[in-house]
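Please examine the model shown here together with the explanation that follows it. The account begins with the contacts inside one chain and ends with the contact between the two chains.

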Amino acid sequence: MATIQVDIVSAEGAIHSGIASMVYASAELGEVGIAPRHTAFISRLRPGDVRVENEAGEQEHFYVSGGMLEVQPMAVTVLADTAIRAHDLDEAAALEAKRRAEDALAGQTAEFEYAKAQSELAEAIAQLRAIEKMRKMRRG
Amino acid sequence: MAGAKEVRTKIASIKSTQKITKAMQMVAASKMRRAQERMAASKPYAQKMLEVISHLARATPEYRHSFMAVERSRKRVGYIVVSSDRGLCGGLNSNLFRRLIAEIKEQRALGVDPAFCTIGTKALGFFKRFGGSVLAQATHLGDKPHVEELIGTVRVMLDAFEEKKIDAIYIASNEFVNTMTQKPVIRQLVPLVPGERQSMPLHWDYIYEPDAHTVLDSLLTRYIESLVYQAVVENGACEQAARMVAMKSASDNAGNLISELQLVYNKARQAAITQEISEIVSGAAAV
């Protein structure tokens, strides 16, 4: 019986890897079933189940909150998202990140004070060096 | 015996400090191991994605996404600065900021303005003190950062790039060389640096659903997010490694201090005893 390699990976780690006889997923335009030697195919996934059927006919379920499905004749790769994604949700997250920055830096000059930063950092580094030296002297 | 007592309390206080630094060292060691595992776990995703993207880029040469476009002349560039949330990790953050300052100076000489996006409280504090236009920030990601906490900040930078407010995006973070060494690096994120071109022996293409552009768009955003996520995770491993080393040397120093103070204490005690004896003896002689 023909089989196909299945990998489900997310940005935070591998979720599943194995051999299957059939893979079902909810693609953007509807549910798809991928059998071995399927033609190359790529689609976005909707949040939902990815079902992996092994040779014995047992099914394993994996929930993905969206992502991409990439199919090649001998391999299926699911690039799973770790969070629900939608245009307006992303937009909201972006606004939130902006707001956080504005809140944290209220009343700040937009101009980077190069000289001040450099002198203070130089001081910190000098302190570290001095400590290093003292330690060496004590040992030596 | 006032001197001896003072020394004794000092020794006790240093001993309790040493206990704390030792505990922190051990905690950092175990956290570092887990951070390294996370680092390894995030690699296959980005790698797989890169494969698909480079295939797509070759299969649909007529469509150039703006993230892959050729370099445009630079007036303003964005830096995503990845730092730790907490201190007590040696020179990790200072080294990164120093590297960044050198970079900013170089860019300034070319007439390029910097804009920033900070991850971690230390970077935020740095720009709070020294100014600089911070477009977005994320803090308190904890030991287990999640991609969704980064989506917003990355999005702000990508939007700014698409609106041509910034002409390139760099990421500044620490690279994990080994436990003892962490190297601050600044890498270019957008426009994507083209990787080595593999030859395509057979021409084949995917069936796209809904279409190649949409697929490529969402792939690219996720790819860049995953690169930022990787940098954050790697920086986390660096932070723990640096903290481990810093706390180890702090414990060693405390040990040295204690043995020195112990000598002082013994001497003081001996002096007190000697003094007492000589007082008794001279008292007896006088009688």
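In chain B, residues 24 or more positions apart account for 78% of the contacts with a separation of 6 or more; two residues are in contact if their C-beta atoms, placed from the backbone, lie within 7 Å. The model is a predicted one, in which local features need pLDDT of at least 70 and side-chain atom pairs count only at pLDDT 80 or more, whereas totals for chains, interfaces and linings use all residues. Residues are numbered from 1 along each chain as its sequence is written, and chains are lettered from A and ligands numbered from 1 in the order in which they are written.

Chain B contains six helices and six strands. Helices (H or I, at least four residues) and strands (E, at least two) are DSSP runs, numbered from the N terminus. Starting at the N terminus, the order of elements in chain B is α-α-β-α-β-α-β-α-β-β-β-α. The C-alpha trace of chain B extends over about 115 × 40 × 30 Å along its principal axes. Its radius of gyration is 28 Å, while a compact globule of 287 residues would have a value near 19 Å; the radius is taken over C-alpha atoms, and the globule rule is 2.2 Å times the number of residues to the power 0.38. Of the 287 residues of chain B, 36% count as buried. A residue is buried if 20 or more other C-beta atoms lie within 10 Å of its own, exposed if 12 or fewer, and partly exposed in between, with C-beta atoms placed from the backbone.

An open sheet of five strands in chain B has the order β3-β2-β1-β4-β5, with mixed pairing; two strands pair if DSSP finds at least two bridges between them. β3 and β5 (182-190) of chain B are the edge strands, each pairing on one side only. From one strand to the next, the twist averages 25°. Axes are lines fitted to C-alpha atoms, for helices over the stretch in contact, and angles run from 0 to 180 degrees between N-to-C directions. Within this sheet, β1 (residues 76-82) and β4 (residues 169-176) of chain B pair in the parallel sense over four bridges, and G78(B) has I169(B) in β4(B) as its bridge partner. α4(B) packs on the sheet, where it touches β1, β2 (113-119) and β3 of chain B, and its direction makes about 140° with that of β2(B). α6(B) lies across β1, β2, β4 and β5 of chain B and runs at about 35° to β4(B).

M157(B) lies in helix α5 of chain B. This residue counts as buried because M157(B) has 28 C-beta neighbours inside 10 Å. Apart from neighbours within four places in sequence, M157(B) is in contact with G78(B), I80(B), C117(B), L135(B) and I169(B). For α3(B), the 18 residues at 1.5 Å a residue should span 26 Å, and the end C-alpha atoms are 27 Å apart, which agrees; the expected span is 1.5 Å times one less than the number of residues. Buried residues of α3(B) include L92(B), F97(B), L100(B) and I104(B). G111(B), which follows α3(B), has a positive phi near 80°.

Chain A has two helices and eight strands, and its elements follow the pattern β-β-β-β-β-β-β-β-α-α along the sequence. Its C-alpha trace spans about 70 × 50 × 25 Å along the principal axes. The radius of gyration of chain A is 26 Å, but a compact globule of 140 residues would have one near 14 Å. Of the 140 residues of chain A, 29% count as buried. In chain A, β1 (residues 4-10) and β2 (residues 13-20) pair in the antiparallel sense over seven bridges, and they form a hairpin with two residues between them. Here D7(A) stands opposite S17(A) in β2(A).

Where do the two chains meet? The contact takes 49 residues from chain B and 46 residues from chain A. On the side of chain B that touches chain A, α5(B) gives the most, with seven residues. The residues of that side divide into 27 nonpolar, 13 polar and nine charged; Ala, Val, Leu, Ile, Met, Phe, Trp, Tyr, Cys and Pro count as nonpolar, Asp, Glu, Lys and Arg as charged, and the others, Gly among them, as polar. Strand β5 (residues 41-53) of chain A pairs with β6(B) in the parallel sense over three bridges, and S43(A) stands opposite E209(B) in β6(B).
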